[in-house]
Amino acid sequence: MKRGLFGGTFDPPHEAHLAVARAARDQLGRELVELVPSLRPPHRHAPRAAAIDRYAMIVLACQDEPRLLPSPREILRGGVSYTLDTLL
């Protein structure tokens, strides 16, 4: 299965996030795109909303979006959210 990962703080998630995820899915031929909220981004200040709340907002935003999947993988892993660690 060809997957795409789209990570970010999603603080809050908005339509442009979904548009990018849809474009990745459709134009790159991905069967599914995971939206992965970071727990602690290394490159910016801490998000205002708690990670679990940002994840819940992504769940709601993706509920009617075919092949867009919210993923809590960085939240569950803990620590600073580096993409390399997410891919391993």
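Student: In S3, which residue is the bridge partner of Leu35?

Tutor: This is a predicted model, in which local features need pLDDT of at least 70, side-chain atom pairs count only at pLDDT 80 or more, and totals for chains, interfaces and linings use all residues. Residues are numbered from 1 along each chain as its sequence is written, and side-chain values use heavy atoms, with hydrogens and water left out. Strands (E, at least two residues) and helices (H or I, at least four) are DSSP runs numbered from the N terminus, and two strands pair if DSSP finds at least two bridges between them. S2 and S3 pair in the parallel sense over 3 bridges, and in S3 the bridge partner of Leu35 is Pro70.

Student: What is the handedness of the β-α-β crossover from S2 through H2 to S3?

Tutor: A crossover is right-handed if, with the strands pointing away from the viewer, the path from the first strand over the helix to the second runs clockwise. S1, H1 and S2 make a β-α-β unit that is right-handed. The chain then crosses from S2 through H2 to S3, and the handedness of this crossover is right-handed.

Student: In S2, which residue is the bridge partner of Arg3?

Tutor: The pairing of S1 with S2 is parallel and extends over 6 bridges. For Arg3, the bridge partner in S2 is Leu32.

Student: Over what arc around the axis do the buried residues of H1 lie?

Tutor: The buried residues of H1 are His17, Leu18, Ala21 and Arg25. The arc is that of the directions from the helix axis to the C-beta atoms. These residues are on the same side of H1, because they cover an arc of only 95 degrees.

Student: Which elements do the buried residues of H1 pack against?

Tutor: H1 spans residues 15–27. Contact means heavy atoms within 4.5 Å. The buried residues of H1 pack against strand S1 (3–8), strand S2 (32–37), helix H2 (51–62) and strand S3 (68–70).

Student: Is Phe10 buried or exposed?

Tutor: Phe10 lies in the loop between S1 and H1. Its phi is positive, about 50 degrees, although Phe10 is not a glycine. At 1% relative accessibility, Phe10 counts as buried.

Student: Which residues does a cis peptide bond join?

Tutor: One of the two residues, Pro12, is in the loop between S1 and H1. With omega at about 0 degrees, the cis peptide bond joins Asp11 and Pro12.

Student: What is the relative accessibility of Arg67?

Tutor: Arg67 is found in the loop between H2 and S3. Phi of Arg67 is near 65 degrees, a positive value in a residue other than glycine. Arg67 counts as partly exposed, its relative accessibility being 44%.

Student: Which residues make up the largest nonpolar core?

Tutor: A nonpolar core is a set of buried Ala, Val, Leu, Ile, Met, Phe, Trp, Tyr and Cys residues joined through side-chain atoms within 4.5 Å. The largest has 9 residues: Phe6, Phe10, Leu18, Ala21, Val33, Leu35, Ile58, Cys62 and Leu68.

Key
Expected span 1.5 Å × (residues − 1). Buried < 20%, exposed > 50% of the residue type's maximum accessible area, 1.4 Å probe, protein only.
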